Amino acid sequence: MILSRVARGAAGVAVLLVAAEVAGRTGLLDTQIMPLASTVLAGAAGLAADSEFLHDVSATVEVWAEGLLLATLLAVPAGVLLGSLPRAETALRPVIEFLRPIPSVALIPLVALIAAADGTMKVTVIVYAACWPVLVNTMYGLHDVDPVAKDTMRVFGFGRLAVLLRVTLPSAAPFVLTGVRLAASVALVVAISAELLAGGEGGIGVYIVRAGSGYRIDLMLAATVWAGLIGLVVNALLVRAERGLFRWHAARAGVTQ
Amino acid sequence: MTVANGGRLRGLALRLWTVPVVVAVWEAAARAAESVYFPPPSAILARLRELWFSGPPARLFLSDAALADFLPSLGRMFGGWALACLGGIALGVAIGRSKTLAGYVDPLIEFGRAIPPPTLIPLFVVLFKADARMQVATIVYGVVWPVLVNSVDGARYVDRLHIETARVFGLSRAERLTRVILPAAAPKIFAGLRLSLSLALILMVVAELAGSATSGIGYELLYTQQNFDLPGMWGTIALLGVLGFLLNSSFLVVERRTLSWHRRAGRTK
Amino acid sequence: MLDVVNLTHTYGSGPEAHRALGGIDLSVPEGQLVCVVGPSGCGKSTLLRSIAGLVRPTGGEVRVKGRPVTATPDDLAVVFQDYSRSLFPWMSVRDNVALPLRRRGLDRAARRTAAAEALAAVGLESAAAKYPWQLSGGMQQRVAIARALAYRPSLLLMDEPFGSVDAQTREDLEDLVLAVRGHHRMTIVLITHDIDESVYVGDRVVVLTRAPAVVAADLRVDLPGPRDQIGTRELPAFVHLRSEVSRLVRGRPEFSMTPSQIDKE
């Protein structure tokens, strides 16, 4: 069963690649505009050994990781605080509801003016965008804690802090990780957007813009392939972490918006 | 009636009291700081009004500039969103109902949705020469995934008994699709549509910022940046926030109406 | 009306294969109400799903009115145990009942009338505009029965139709089936795990063995009509038959009757 699924998936990918190749070779697609699939794949393979491109990839990964880490460090305590203080939550919810829909990418031109350094600008915008999924899921996780478990602890004479540490946080942890996973893909989108819009010393977005100005469509597509692969790997790692750490947790869906 | 309304007003006031407080603190802090980069909200509002809301009352106070900016932006956004929705639902339901088809395209979908959509903007710029088509293409590519993935999910997990009931009572294929599969998948599909609507706004902005648009809200944002018009920038960003908020809330209203059976059926069980 | 000839069915293949039906022969004349009883997981539901054309059996044949079943036969209806999943929550009660009537070539007005009549027959004329989830479990199962009645099938299959309702409702629904059966001339095959119920409702009780199921016994129920929940159950003939069926199934140690194990294959 599993084998046939893998075989079907591979066949699907192969058919698409072959169709693109044939369309290019027979002149159905203008190779000036849409390069051959084989050219793109060869380009992607070449990029893996291209030190300039690798430098760009590491620049993107660096701002992405930094932004995601900062966002997590900010949003998890904030979410725990708001989630355990219902009054504070009701008071701040409208403010959150007004801030959340602001498209983070719209901040790029503004932050680019205010922030002196290019890296600061990117990290700031990423933090803004990545905060919300973590915050919302953390708050959701705190609400989802089984009241019976909390009462049980209280009955045995544990204080609020002990209940927080032993019951509330462990049972909210899967939601937090789901929030981080969602934030990771948002952060990657924003990182690359910032590179496209504001340039900077390096990054996948910067590389693609450079390739575009030289009309190297094959290299643009090759870099896009790598961007997709990085996204896939990050997501797969985080999904695996969720499954490994929280095997006991059934509802892994989380809140997406 | 009046009692209920009064109660509702008081409830609203209790929930929203922090908003004026936050704005007041912001105003005071910005005035004290006197930084060019952080104008007070009053200045932002004044600039916002000057830019877009100085028109005649008959036009909801929208100025010519507002019409010239909002209409093309929103047109491209809704156009791209609608295209992606139609395509995503049709394809998603087909994939969700056919295990064979799903087997062939699953890896392609996983890969396609992993590509950050803005990555493709430079490519679309080369392909479509930075006109509206490039912006619509960016939006369609970016927002189709949540619709597609949620439609696949919704159509795949239709209760087997629902399908068997439809078969036993001799519903045709078309009837099974429109009366059983689509309604059963609707809650999931709607979740995807809502997610993609807020994504569409983001991609509209990115596409306008990156594609050197000649009109639109994103263009206005760039224009204010180049003229170092900070109140204008803050105002545009706030406007986008309000727009996002309105889009999401109005979609929620439609969703609640359409799916009232789902919400209430879930509650009674 | 219904002929089942040497029906076999195996789920899966290789070492994990599960033989559900081991060669079932059954013939039901027109107008009869047959109850099929058997132990949990013995393949009762597989039998019913084969008759309904929902499962393609691995061997043997099912014929309805002499024609082999390949897809769901035209004038066959099913009432499933799990009413909450077989009624469509996005449609009103009326629309649920009227939906299958499109196949009967009725126009909108005629469909509404037929639905109203069927709902009246199960005592739910006032619930037409409600949604299924606004009704109690027993009422929902009435809606499912009304949907089957409105369809006017000549063969009605019922799969543990009263397995998910409380005891009082169960008795009411049993009497409802007996009543509507008097009005509409229908052949009914009712699957149940409840021995009392099979004797009370049926003209005939067919006992299946555990999987792979074959027919263990085929008994006529000769009880006077109209049946009555208290009187009929006190009759010596009823008690005798019930004991006989019980003994037939109890002879097999695997025959367990705990409700939690009701077969759900």
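## A buried methionine in chain A

A:Met220 is buried, with a relative accessibility of 1%, where buried means under 20% relative accessible area, exposed over 50% and partly exposed in between (1.4 Å probe, protein chains only). This residue is found in helix H10 of chain A; helices (H or I, at least four residues) and strands (E, at least two) are DSSP runs numbered from the N terminus. Leaving aside neighbours within four places in sequence, A:Met220 is in contact with A:Ile208, A:Ala211 and A:Gly212, and also with B:Pro122, B:Leu123 and B:Val126. Contact means heavy atoms within 4.5 Å. A:Gly179 lies 41 residues from A:Met220 in sequence and 31 Å from it in space, C-alpha to C-alpha.

## Basis of the model

This is a predicted model, in which local features need pLDDT of at least 70 and side-chain atom pairs count only at pLDDT 80 or more, while totals for chains, interfaces and linings use all residues. Residues are numbered from 1 along each chain as its sequence is written, chains are lettered from A and ligands numbered from 1 in the order in which they are written, and side-chain values use heavy atoms, with hydrogens and water left out.

## The interface of chains A and B

Of the two pairs of chains in contact, chains A and B share the most contacts. Here 47 residues of chain A touch 47 residues of chain B. The two chains bury about 4,100 Å² between them, 84% of it on carbon and sulfur atoms; buried area is the accessible area (1.4 Å probe) that two parts lose on being put together, summed over both. In chain A, the residues that lose the most area to chain B are A:Arg8, A:Leu110 and A:Leu113, together 14% of what that side buries.

No salt bridges are counted between chain A and chain B, a salt bridge being a side-chain nitrogen of Lys or Arg within 4 Å of a carboxyl oxygen of Asp or Glu. Three residue pairs (both at pLDDT 80 or more) are in polar contact between these chains. A polar contact is a pair of N or O atoms within 3.5 Å; within protein, one must be able to donate a hydrogen and the other to accept it, and residues adjacent in sequence count only if both atoms are side-chain atoms. H10(A) gives the most to the side of chain A that touches chain B, with 10 residues. That side divides into 34 nonpolar, 10 polar and three charged residues. Ala, Val, Leu, Ile, Met, Phe, Trp, Tyr, Cys and Pro count as nonpolar, Asp, Glu, Lys and Arg as charged, and the others, Gly among them, as polar.

## Helix H5 of chain A

In H5(A), the residues A:Leu107, A:Ile108, A:Pro109, A:Leu110 and A:Val111 are buried. The buried residues of this helix pack against helix H6 (118-143) and H8 of chain A, together with helix H9 (173-210), helix H10 (217-226) and helix H11 (230-258) of chain B.

## The interface of chains B and C

Chain B places 21 residues in contact with 26 residues of chain C. The area buried between them is about 2,400 Å², of which carbon and sulfur atoms give 65%. Three salt bridges are counted between chain B and chain C. In one of them, B:Asp159 pairs with C:Arg85, the closest N and O atoms being 2.6 Å apart.

Helix H8 (160-168), H9 and helix H12 (260-268) of chain B each give two or more residues to the side that touches chain C. H8(B) gives the most, with eight residues. By class, this side of chain B has 10 nonpolar, four polar and seven charged residues. No contact joins chain A and chain C, whose closest C-alpha atoms lie 12 Å apart.
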